[in-house]
Amino acid sequence: KATPRVRQLTSSLIRHLHDFARENELTVDEWMSGVELLNEAGRMSDDRRNEGQLVCDVLGLESLVDEITYKLTSDATDEPTATAILGPFWRKDAPQKNMGDTIVSGIEGKGDRTWMHGTVTDFKTGKPIEGAVLDVWHTAPNGLYEQQDPDQEDMNLRGRFTTGKDGKYNFYCLRPVPYPIPFDGPAGKILQALDRHPMRPAHIHFIISAAGHKPIVTQIFDRKSKYIEDDAVFAVKDSLLVDFKPLQGDDKADLELPYDFKLATF
Ligand code: DHB
Ligand code: FE
């Protein structure tokens, strides 16, 4: 729809594309290679794969947009939990779970069993938030999300948890591992052209929402993971680094991961 904003974005994009072509004296062949890259990304994309997003991500565009958005919404003093990019592997309708449940299904016995827990609070008042929904997802120990892997059960390592009055949450998951973003398409070609690797550091994704509060899309990163300094899609932020600790006395987990989330009001 031709709103003023759409007109502004479209004409600005045209201006920058023309500048790009002039600055580089773009040839017909080069321009056509770009067109083919776009077409290939379209052909590769479906419910399970969003190649256009992957291309944006290796170009740093999603993390830049996240940074711009977060700057615009963050408060100068004490800050709410930092945001991070959504990435291409979120799925809607992850199974609703009860506190203390596990999100591991069908791969029991694999990976480092982890008990994750914490509180969701209002960052200004410090008060716990009741009814906050944590939507969580991460990769299996083989480095694949369930929708990328025919050997995994549907919705493995995904879940939605709702906090009670005390704002607390806890569930069982696995310690995530570093893994490559899919690099057999246009995103991979861009990485190759720049001599870059496709690896992401180990991370767990969250979308956290609660009535009256700004929802956050974020990821937490294992401080000890390889590629923390060198994420292929530029998503790591210091405040999102977390520490897995040994856990005793729980026959369902060998590690614990404490982390509190702080939300801002509108
Ligand atoms: C991207 C993000 C992810 O969280 C992931 O697991 C893979 C790829 C991305 O931004 O492209
Ligand atoms: Fe991810």
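Modeller: For what follows, Ala, Val, Leu, Ile, Met, Phe, Trp, Tyr, Cys and Pro are counted as nonpolar, Asp, Glu, Lys and Arg as charged, and the others, Gly among them, as polar. The model is predicted. Under that grouping, the shell around ligand 1 consists of eight nonpolar, four polar and two charged residues. In total, 14 residues surround ligand 1, and the closest are D57, Y145, Y179, R200 and H205. Two elements, α3 (51–58) and β8 (203–209), each contribute at least two residues to this shell.

Which side chains bring an N or O atom to an oxygen atom of ligand 1? The side chain of D57 does so, with a distance of 2.3 Å between its N or O atom and an oxygen atom of the ligand. For the side chain of H205, the corresponding distance to an oxygen atom of ligand 1 is 2.7 Å. For the side chain of R200, the distance to an oxygen atom of ligand 1 is 2.8 Å. Taken alone, ligand 1 would expose 290 Å², and the protein buries 100% of that area. As for its location, ligand 1 sits in the largest cavity.

A pair of aromatic rings is described by the distance of the centres and the angle of the planes. With pairing taken as ring centres within 6.5 Å, the count comes to seven aromatic pairs. The rings of F89 and Y145 have their centres 4.8 Å apart and their planes at 20°, so this pair is stacked. The pair links distant parts of the chain, 56 residues apart: F89 belongs to the loop between α4 (61–73) and β1 (96–97), whereas Y145 belongs to the loop between β3 (133–137) and β4 (158–162).

The loop between α4 and β1 also contains D93. Phi of D93 is positive, near 65°, in a residue other than glycine.

Definitions and conventions
Residues are numbered from 1 along each chain as its sequence is written. Chains are lettered from A and ligands numbered from 1 in the order in which they are written. This is a predicted model: local features need pLDDT of at least 70, side-chain atom pairs count only at pLDDT 80 or more; totals for chains, interfaces and linings use all residues. Side-chain values use heavy atoms; hydrogens and water are left out. A residue is near a molecule or strand if one of its heavy atoms lies within 4 Å of it. A polar contact is a pair of N or O atoms within 3.5 Å; within protein, one must be able to donate a hydrogen and the other to accept it, and residues adjacent in sequence count only if both atoms are side-chain atoms. Accessible areas come from the Shrake-Rupley method with a 1.4 Å probe; for residues, only the protein chains shown count as cover. On a 1 Å grid over the protein atoms alone, a cavity is a set of points where a 1.4 Å probe fits but cannot get out, and a pocket is an open set with protein on both sides within 12 Å along at least five of seven lines; lining residues have an atom within 4 Å of a point. A molecule sits in a cavity or pocket if more than half of its atoms lie within 2 Å of its grid points. Helices (H or I, at least four residues) and strands (E, at least two) are DSSP runs, numbered from the N terminus. Rings of Phe, Tyr and Trp (its six-membered ring) pair if their centres lie within 6.5 Å; planes under 30 degrees apart count as stacked, over 60 as edge-to-face and the rest as tilted.
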